[in-house]
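Welcome! Keep the sequence and the 3D view at hand as you read.

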Amino acid sequence: MADIPVNKAAHPFDKTRFEALLNRRFFYAPSFEIYGGVAGLYDYGPPGSSLQANIIAEWRKHFIIEEHMLEIDSTIMTPAPVFETSGHVARFADWMVKDTKTGDVLRADHLVKGVLEARLAGDKEARGLAAQPPQKEDEKKKKKKGAVKNVAAVQQLPDDAVKEYEVILAQLDNYSGPELGELCRKYDIRNPDTDNEVTEPQQFNLMFTSSIGPTGQHPGYLRPETAQGHFLNFSRLLEFNNGRVPFASAQIGRSFRNEISPRAGLLRVREFTMAEIEHYVDPEDKRHERFDQVRDVVLDLLDRDVQASGKTQVRKISVGDAVAAGVIANETLGYFVARIHQFLVKIGVDPSRLRFRQHMANEMAHYAADCWDAEIQNSYGWTECVGCADRAAYDLTVHSKKTGHPLVVRQALKEPIITERLVAEFNKKVLGKTFGKDAGVIQSVFADLSETRLLEIQGELAQGSAVVTTPDGRELTLTHEVVTIERKTFKQSIREFTPNVIEPSFGLGRILYVLLEHNFWAREQDVERGVLSLPAVVAPTKVLIVPLSAKEEFNPLIQEVSSKLRKAGIFSRVDDSNTSIGKRYARNDELGTPFGVTLDFASVQNRTMTLRERDTTGQLIGDIDQVISVLVDLVNGNATWAEACNQLPTYDGVQAVD
Ligand SMILES: Nc1ncnc2c1ncn2[C@@H]1O[C@H](COP(=O)(O)OP(=O)(O)OP(=O)(O)O)[C@@H](O)[C@H]1O
């Protein structure tokens, strides 16, 4: 927020204090807590809800309004045939293993990741210790205490093992279930909580099942993504868009996944809000008309070749160069990757902890052409927060095939295409009379013949007769009285095609969580309380109004300032509690409120008001209306704090009272 440098790194990120803040100020909390809670379900409190609403509002502006997308709101409850056709019933699954003794269930890839990372961390520490002067024996013992044998808290690994582990971790998403089982056996990976062995990985479908109607005859699922709702409405959307592509549909809504073991707070939950875009594009032309606007956006890319070599080194490259070099498959995909980057940075994600990772070949859905995940670093590691995939024509094709409803674009060609080809012309009467029920078989055999074969038959017929073979192997002889082969001219003025779909898919809970982590810090002088440096655009409250006294004479001014801010569309809150101003500001720094205004006795007399900025704690003073005008510019992002400091005098705590 502050454009004047603030030393936020004075204290390393303190997760305990961070979590305490989120809990104390009710950003979010386990659902059904007083019943003991259910893993993977969370309720958002007032600041969490406002923050989410503001992220959504900005998402709408950044994507839907900016790109004229067509917003929809489709149902969550979905009849089973939809997900049978889309492939979710067969394939929307993760691999799980069970503890052989306790029966505890673990997600196989997360188990391998957790254990190997812990062993590498133990190795690093052991090497560090070995390099240090000898420690007292009891200190060494202390370090080892509490280490689960399987995880090997502080233990040096052979150099080869370190290399192997790093290679496995760099391409973890590429392993199949049986391969994960192989890794568990080869590297003796057990349940870290119990040190027990685990079973072979089994597939577990993540969809919640349900049934629609009282008879239970119509099985259904809670949707695990919003995408299918877009595809099933494609022909209506296309019509709404006057039959033209490219265009995009967008939807914000809840999705449900019965995650195997949700452990990382908001990062892996069983019910969450997604924001998804399906951009429909001509498969033969994936250029994007606004690509020039993002060409120079520089990204940290981790492509699949780098991952396959066991490395995690990103390369900094502009989107323009990445698409030109074929690293990102096409302009439209590159355009959205860049727009995702811009959105995340705008709402407060630290760009130095944001990378785009390309899916490995096995990780990608079989139909997808290319896929990049926006991964954001946080205290749990690098987490996928947005997926951006080129899904090709898969979804529209399978739904169209299943239902018989054409999900295609019909485009009038500017120049009709004239083609010539050989065609078989039948004398239907003679054909029927001569071949009876085989008449249809013969026609379909001819329909599948190549141009070369038709040419041969044309020659044979000129000699007297030609022989064709039916699918069941019979040879039938035909004469030119039954069939003639002629060259004909065709004029095509309509082109029909199934569009390809580029899909950016956002998980809002994950974005909200990493945003909070990236913006949390503590002041030197008050490490107990934290500050959330949320950008004004997403901050739950934009301005705190702090009256110095509870005296009634302040009320008209409080109301005037509140109402002027409200009219300017700025959300403010009044804190007229009995505590000191410092405490009131500190409490609101915790909520990420970027600005505060203080009304004191001088305000009542002179109509002046002080303005405080959260990160620098710098204060300015000015006439009430002047301060409000500066505030409006600050909140709307039209002025920086440095610019505000040039417009209003600094307030040093002393205010003249006439
Ligand atoms: N269980 C979950 N909890 C919270 N957000 C999720 C969850 N699963 C997916 N998301 C969000 O939805 C987005 C799109 O979903 P997608 O199907 O691409 O995720 P995924 O590849 O299944 O994620 P993961 O591999 O982490 O399970 C993700 O980028 C993420 O932000």
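## The open sheet

Nine strands make up an open sheet with mixed pairing, in the order β3-β10-β11-β21-β16-β15-β14-β12-β13. At its edges are β3 (70-71) and β13 (315-318), each of which pairs on one side only. Two strands pair if DSSP finds at least two bridges between them. Strands (E, at least two residues) and helices (H or I, at least four residues) are DSSP runs, numbered from the N terminus.

Before going further, please note that this is a predicted model: local features need pLDDT of at least 70, side-chain atom pairs count only at pLDDT 80 or more, and totals for chains, interfaces and linings use all residues. Residues are numbered from 1 along each chain as its sequence is written.

Within the sheet, β14 (residues 354-358) and β15 (residues 370-378) pair in the antiparallel sense over 5 bridges. There, F356 stands opposite A374 in β15.

## A covered helix

Helix α19 (residues 508-518) lies across β11, β15, β16 and β21, and runs at about 50° to β21. Angles run from 0 to 180 degrees between N-to-C directions, and axes are lines fitted to C-alpha atoms, for helices over the stretch in contact.

How many residues of α19 are buried? The count is 10 of its 11 residues, among them R510, Y513 and H518. Buried means 20 or more other C-beta atoms within 10 Å of a residue's own, exposed means 12 or fewer, and partly exposed lies in between; C-beta atoms are placed from the backbone.

## Around the ligand

Of the 14 residues around the ligand, F272, G387, S505, G507 and R510 come nearest; to be near, a residue has its C-beta atom, placed from the backbone, within 6 Å. β11 (271-281), β16 (381-390), β21 (500-507) and α19 each give at least two residues to this shell, and β16 has the largest share, with 4 residues.

## Two packed helices

Helices α16 (residues 428-435) and α17 (residues 438-447) pack at about 120°, with their axes 8 Å apart. They are therefore oblique to each other: angles under 35 degrees count as roughly parallel, over 145 as roughly antiparallel, 65 to 115 as roughly perpendicular and the rest as oblique. L431, G432 and F435 in α16 meet D438, A439 and I442 in α17; contact means C-beta atoms, placed from the backbone, within 7 Å.

## An exposed arginine

R421 sits in strand β17 (residues 409-426). Why is R421 exposed? Because 10 other C-beta atoms lie within 10 Å.

Terms used
Two residues are in contact if their C-beta atoms, placed from the backbone, lie within 7 Å.
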